[in-house]
Each structure stands twice: as C-alpha cells, then as structure tokens.
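This report describes selected elements of a two-chain model and the contact between its chains. Please consult the sequence and structure shown here alongside the text.

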Amino acid sequence: MTMPFYVAPEQVMKDRADYARKGIARGRSLAAVVYDGGIVICAENPSSTLRKVSEIYDRIAFAGVGKYNEFDQLRIAGVRAADLKGYAYSREDVDARSLANQYASILGQVFTHEMKPMEVEILVAEVGPERADDRLFHILYDGTVMDEDAFTVLGGEAEALNARLEEAWSDSFDLAGALKAAVTALAGPDRTLGAGDLEVAVLERTDARRAFRRLEEDERAALLA
Amino acid sequence: MFSPTDDPGPNFAELLRRVGLQPPTPATSLDGVLTITHGTTVVAVRYADGVIMAGDRRATSGNLISHRAIEKVFPADRHSGVAIAGAAGPAMDMVKLFQLQLEHYEKVESSALSLEGKANQLSSMVRNHLPAAMQGLAVVPLFAGYDLARGTGRLFQYDVTGGRYEETNHASTGSGSLHASTVIKLGFGEAMTRQDTLDLAIKALFMAADEDSATGGPDLVRGIYPTMATITEEGFERVPEEEIAGRFGELIAAMSLREAERTTLIAETTSDHGGLQA
C-alpha cells in the first residue's frame, strides 16, 4: 500500500491561497465608491454581455472578479437566497450582512474542503436610506469578509489601487466625481480607460423599490467628460 | 448551490418546490366546511396607448362582505399587470409568486421574459393550482401588458385548468364579468382614448355591481372606488384615486339625471291618465 507524502497543513493552505490569488490576478479589477446619492460600482470589462456587476435584490448589488463561471454561480446563489428569504418573510428582511455571511461560509467551505479553491473575490453592496446605512462587504476567496464604509477595490493589484483611490477620495463626491476617481484608480498612471472599456452600475438612494441601475455607454461618457 | 445537471435555472416556482416552501394543497374539498373569501369582478380593455385594467374592491365570504377595500389589480412587472378573481388567499399568493417569478427570471437571466413568455408562465401557475381549485379554491386571473416588440397592448384570459386565451379587445373574469363584459362589448371602439376607456371600464364595473351582489360599487360614504391602472409604453401606472372618484361622480350624476327625467315622465303620464279618469 502506498502512503501519501505528508504535507503540512500550513503548506496546503498557502498553496491554495497562492493558486486562488494567481487566478484572480489574471483578471481585471473593480472598484466601488460611495457618493452622496448612493454607491457606484465600476469594473474594467470590455465585454458588454458577460457582466461582472449585477442586481441581487431591491437595494443590494453583487460584483465579482476572477473566474467568470465561478462568481456567476455565486451571483445566482445570492439571487436565490435573497428571493427565497423575501418570499418566506418580507422584502425588508433581506439584507447584505446576512448575504455576505452566507457567501463567506460557502467560500470558506470550498477553500478548505474542495479540490481547488474558487478563484474569485466578490462584493456585496447595499444602499440604505441614509449614507451611514450604506454597506460594502468585500469577501475573499477563502471566506474572509471585510466591511468597508467609503470605497473598496477588488482584484489582483488591490493594494496599489486602494492607495490611488484613498488619495483621490473625498466624502463630498457626486456620481461623476466618484466615477472619475474609480476610473483613474483602475487605469493607473500609464493608461487611460474610456467609457467603452467599462461596466458601470449604481445603487441609487431613491424611493423606488429597485435601486439598481446600469449606466449605458453614452451616460458613462457624459459623466467621465 | 445546485450541481449544473440539477439546477432549477431561472424557475422560482421550481426552486420553492426544492426547498419545500411550495403552498400545500388541501386534501379534501373545503366547500361547505369553511367559508372561503372570494374576490370578484375585474376587467381589462385595450385602447390606443395600451391596456386599462380595473377591478372592484369587494371580497365576500358566502353571503357576507368580508372586505370593502381589497386590491385585485397588481403590477406584474414594469410593462404588465395581473388582475385576480376567485379564492382571495390563494389568488394573492399566486400574484406574489408571479411577480417574484418574473423578477427572479430577469435577475438570473439578466434579461426580461417576453410578454408571451409571461402569459405562459401564469398559465402554468394556474394549471399547477388545479388540484386546489378542485377542492374549492379556484383562482382565475387576467393578464395584460404592453408588448414592446409589437408596440401594442395585449390581454390574456385564463380558465381554471390553466387554459390561456388571448383576447383582441377586452377580457373580464369574476362573478360580475358577464354584466361587465356586455357593457364593454357594446361601448368598445378601435383606438379609444384613455379618458373614454376609463369611463367605459367604470361604467362596466358600475353595471356589474348593480346586478351582482358580490361585486362592490363605488362606496361614496367611505370614499372607496375601484382600482384602475394603465399599462403603456411607459409602463404600469395606477390611475389616481381622485381621477377615478371624479369620473364616477360624472357617471352617477348622468344616471341620476336620466332617472329623474324618467320619474317625471312617469309622473306626468300617470297624472295625465288620472286627469282623464276624473
């Protein structure tokens, strides 16, 4: 009988984390910024059909970077969980915090128990009636949840992007200001990104039931001008 | 999360079945055992800009009025509406599930269903409800919407088995539907204006309430009027209550005037007659 080689658990975890991080770094990044009228989520995405940012529920949006099929599966799981909860209880009872916890447990479970970890980083954003009620939950491939209050960056070069956005950030941002800051941070010093390279959606602080809205190319161009 | 071969896809009803939240079907007939609350008359009429849907506000349990102000006309999504008649509890649940199903599909698939697809979806929901209908909980909805692809309003009527019938001009369901649809049939014209169509629907509901005890007329004491909504290219929009109240006022004034004329006429004839006798 052959015995498998002993590999230290630390090494196993490190290898998995490296594998996931490499996968995520291959894709393009994404930023979410809170502004006076809601939350804007901006992704670098040349495709206009394969979405990175989408609606989960009335006031909740989802965004993912990394492997498309994996975060899309997570997106659908989120829509299902939210719709089921809203049906069984009430629409008001669906919130981003519990959804983020569910995502964290799925990702944590997959990270430790499956053959390969998910090569994704996801964002669950919720717009509240007041700015103080806005929520940004950034969840990593291993199930780590981070709760941000002004902006967050997902993707490979998150640290550099975070620093750039930190520098540009102001708490009096309107939509155009927030979007410009996000785009500049995503582009970095050596590149410029046009309206056609982006996918942008907002969660608006409105009285309408569904707060999620995609910005079409002409509107993106007008805001970036 | 489901495995790819076992995935319910964008189907919310199937998802409910999987997680065991599907509403149960009563095992025996409820007729005569329990009194069931029923909703009554709803109508839909096509006009120049789309469709108008309207419904009275009464719910009855046997021969008692159980609610004076229930709603029977609901938005299904942005460009369609659903109106219900039949057992009120299951009907409300069916509407809630239908609204959710359309939104769920839209979110999972990132595109909305076609109007035809929505109508078929409702048809399968009514069909799945058949076992409950057999036990006395029948629900018969109306579905109407603005077809963005064709640029016109469309309406669909259903039967209790889930049969789906597209109507060209108008549709109605519920206990007062016979009277309501006769009024609409006589007054309908091609490409009517919003105002004329609202007036026609109001007259239809008034006449249905006049003949059918389960249909509620305008409640002038409490200020409760039928609910009405228009569905056009701009989407589903409720007609403001003041507007409905105003139009009902006009109808009632016109009918009172006619009635008064008739009574004077009768009085005159009888007094003439009396004069001859004397």
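The sections below treat the basis of the model, a sheet and a helix of chain A, a hairpin of chain B, and the interface.

## Basis of the model

This is a predicted model, in which local features need pLDDT of at least 70 and side-chain atom pairs count only at pLDDT 80 or more, whereas totals for chains, interfaces and linings use all residues. Residues are numbered from 1 along each chain as its sequence is written, while chains are lettered from A and ligands numbered from 1 in the order in which they are written.

Helices (H or I, at least four residues) and strands (E, at least two) are DSSP runs, numbered from the N terminus.

## The sheet of chain A

Chain A contains an open sheet of five strands in the order β8-β1-β2-β9-β10, with antiparallel pairing; two strands pair if DSSP finds at least two bridges between them. At the edges stand β8 (151-154) and β10 (212-215) of chain A, each with a single partner strand, so one side of each lacks a neighbour in the sheet. Neighbouring strands are turned by 15° against each other on average, direction ignored (axes are lines fitted to C-alpha atoms, for helices over the stretch in contact, and angles run from 0 to 180 degrees between N-to-C directions).

Four bridges link β9(A) and β10(A) in the antiparallel sense. Ala201(A) has Arg214(A) in β10(A) as its bridge partner.

## Helix α5 of chain A

Helix α5(A) comprises 13 residues, 175-187, and should span 18 Å at 1.5 Å a residue; its end C-alpha atoms are 18 Å apart, which agrees. The expected span is 1.5 Å times one less than the number of residues. Just after α5(A), Gly188(A) adopts a positive phi of about 80°.

The buried residues of α5(A) are Ala178(A), Leu179(A), Ala181(A), Ala182(A), Val183(A), Ala185(A) and Leu186(A). A residue is buried if 20 or more other C-beta atoms lie within 10 Å of its own, exposed if 12 or fewer, and partly exposed in between, with C-beta atoms placed from the backbone. Their cover includes β1 (30-35), β2 (38-44), α4 (158-168), β9 (198-204) and α6 (217-224) of chain A.

## A hairpin in chain B

In chain B, strands β9 (residues 152-158) and β10 (residues 164-167) run antiparallel and are joined by four bridges. Gln157(B) stands opposite Tyr165(B) in β10(B). The hairpin has five residues between the strands, and Gly162(B) takes a positive phi near 95°.

## The interface

Ten residues of chain B are in contact with twelve residues of chain A, contact requiring C-beta atoms, placed from the backbone, within 7 Å. On the side of chain B that touches chain A, α1 (12-19) and α2 (88-109) of chain B are the elements that give two or more residues. The largest share, four residues, comes from α2(B).

Technical notes. Two residues are in contact if their C-beta atoms, placed from the backbone, lie within 7 Å.
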